[in-house]
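Trainee: Could we go through this model together? I'd like to start with the strands and then move on to side chains.
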Amino acid sequence: MNIDRSAHDFRSPEPEPGLAGRTWQGVKRWSGRHPRLSRVAWFAVGLAVLALLIWAIYPRPQRNLRFNQGPQPVGVAVVRDGDIHVTLNALGTVTPLATATVRPQVGGMLVKLNFTEGEMVKAGDLLAQIDPRPYQAALDQARGQLARDAATLANAKVDLERYRALQAQNAIAQQQVSTQAATVKSYEGVVVADQANVETARINLGYTSIVSPITGRAGIHLVDIGNIVSAGQSTGIVVVTQLQPMSVLFTIPEDNVRPVMARMGAGATLPVDAYDRTQTTRLATGTLATVDNVVDPSTGSVKLRAMFDNKDNSLFPAQFVNVRLLVDTLHHQTVVPVAAIQRGSDGSYVFVVTPDKTVLQRNVKTGVQDGDTIQVLSGLKPGDTVVVDGADRLRDGADVEIPDQTAKIAAPSAGSDDAVRAARRAQMEELMNKSCGDDVKKLCPDAKPGTREARICLFRNRPLLSQQCSTAMAQMRRGGTARGGARP
């Protein structure tokens with residue numbers, strides 16, 4: 001017992017807690033004395049930690065420096081003088097000029113099929129054969145009846161001639177001669193009827209050989225050999241469809257009928273192209289054949305028919321195609337790529353590139369669109385250089401950069417509002433030169449104030465500009481903001 005107490009007395013004392021431990025112990029004692037207030041405090045600390053975490057992981061908003069990055073790389077195109085094709089696009093259906101369902105005209109057993117499914121047949125080619133024996137027997141019977149009645153008629157005519165000779169000698173009465181003449185007439189009628197019966201039997205015998213009524217492509221046979229067919233049955237033997245030439249039926253709005261009729265009235269031949277479903281592959285080229293004589297009141301459209309020779313059988317019956325009707329060709333028109341046209345609150349406009357690599361916003365009036373090009377009625381002249389790629393980042397008077405430029409940029413043609421823009425730009429340039437002269441000397445000693453190099457240098461050193469120069473440049477940008485673009 002004494003040994004244990006001695007061992008206990010000589011144990012090393014516990015280390016004193018550090019600052020963090022003492023703080024935590026104090027917090028626990030304070031929480032024990034103030035339980036309600038401690039819960040509120042801990043809740044506030046949790047909210048603060050959560051807000052700090054959200055602030056740390058939430059992405060920072062980035063400044064919109066779209067218009068403040070100096071010269072913008074753009075793609076350009078030169079306005080040219082060219083042709084514009086006035087076309088009408090429509091959906092069409094390939095419709096054969098003739099489709100015949102070959103049906104039997106007499107009844108009987110089908111004994112032979114003389115065609116191969118899918119082959120081309122000509123008008124008059126034998127397609128199928130019905131058992132001809134019953135009809136051959138009927139023809140022979142009609143011929144025998146005709147021969148018998150013809151012999152009776154000949155005998156009656158001989159008797160009539162004999163009676164007339166005796167009547168001339170007053171050997172017989174006139175009534176007997178008249179009776180014999182009537183008998184001859186009766187036999188003549190019987191012979192005519194017999195001849196008609198012979199012709200009918202011959203026709204029915206001919207109907208046992210079923211021939212193609214048109215030249216075209218034979219489809220799948222609908223009746224097998226050995227089946228009994230009847231005259232005029234709903235199910236035919238085969239369907240023959242004419243493939244060459246082929247027509248396409250399509251509709252256009254009634255508002256577009258007048259120019260089409262005017263061109264046809266002038267004797268013009270209007271070309272028509274048929275494209276596949278994706279409008280990338282041209283299937284055939286033909287001409288407009290006719291325009292229907294009435295407007296469909298339910299759709300407000302008019303039906304047209306185009307003709308194609310279809311020698312390569314590229315058009316298939318009942319196929320849906322995209323039709324492009326060339327109504328007219330306008331020569332020597334001012335044309336630009338469609339990508340150059342921008343839309344704003346004041347209408348259509350383009351950015352014209354000047355030789356000093358700045359752009360002018362120019363209002364234009366557009367006309368007919370032909371594929372990737374569009375007609376410009378006013379605002380541009382052939383030879384002008386316009387922006388076709390990157391116009392959404394531009395404003396009036398902005399500096400641009402043209403990668404891989406080889407050709408020299410020509411001076412733009414004069415526009416109706418160029419004088420106003422030039423005066424406004426000169427005023428802004430004067431304001432910037434007055435406010436940023438010292439900044440140019442300090443930051444851009446090799447550039448002259450008011451030049452493009454000075455503006456580029458100032459843009460690159462925006463954080464180092466004076467307050468007066470920054471205000472002047474901001475005012476200049478606001479004065480030159482494009483109508484359809486965002487303000488920087």
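Mentor: Start with the terms: two strands pair if DSSP finds at least two bridges between them. Helices (H or I, at least four residues) and strands (E, at least two) are DSSP runs, numbered from the N terminus. The model is predicted, so local features need pLDDT of at least 70 and side-chain atom pairs count only at pLDDT 80 or more, while totals for chains, interfaces and linings use all residues. Residues are numbered from 1 along each chain as its sequence is written, and side-chain values use heavy atoms, with hydrogens and water left out.

Trainee: OK. In what sense do strand 17 and strand 18 pair, and over how many bridges?
Mentor: Strand 17 (residues 342-344) pairs with strand 18 in the antiparallel sense, over three bridges.

Trainee: Which residue in strand 18 is the bridge partner of R343?
Mentor: S348.

Trainee: And what about strand 18 and strand 19, how many bridges there?
Mentor: Five bridges, again antiparallel, with strand 19 covering residues 359-363. Y349 has N363 in strand 19 as its bridge partner. These two strands also form a hairpin, with five residues between them. In that turn, K357 has a positive phi of about 65 degrees.

Trainee: How many residues of strand 18 are buried?
Mentor: Six of the seven in strand 18 (residues 347-353), so the strand is mostly covered. Buried means under 20% relative accessible area, exposed over 50%, and partly exposed in between, with a 1.4 Å probe and protein chains only.

Trainee: Switching to the open sheet: what is its strand order?
Mentor: The order is 8-7-5-10, four strands with antiparallel pairing. At the edges are strand 8 (209-211) and strand 10 (228-229), each of which pairs on one side only. Strand 5 (residues 108-113) and strand 7 (residues 126-130) share three bridges. In strand 7, A128 stands opposite L113.

Trainee: Now C469. Where is C469 placed?
Mentor: In helix 9, residues 467-479. C469 counts as buried because its relative accessible area is 0%.

Trainee: Salt bridges next. How many does the count come to?
Mentor: Seven salt bridges. The rule asks for a side-chain nitrogen of Lys or Arg within 4 Å of a carboxyl oxygen of Asp or Glu. Side chains of opposite charge can pair when their charged atoms come close.

Trainee: Take D131 and R133. Is each one buried or exposed?
Mentor: D131 is buried, at 16% relative accessible area, whereas R133 is exposed, at 63%. Their side chains meet in a salt bridge at 3.0 Å, N to O.

Trainee: Which residue forms a salt bridge with R164?
Mentor: E161, with the closest N and O atoms 3.7 Å apart. Both are in helix 4 (residues 133-168), and because they are three residues apart, about one helical turn separates them. R164 is partly exposed, at 41% relative accessible area.

Trainee: And what is the N to O distance for R282 and D273?
Mentor: The distance in that salt bridge is 3.8 Å. D273 counts as buried, with 17% relative accessibility.
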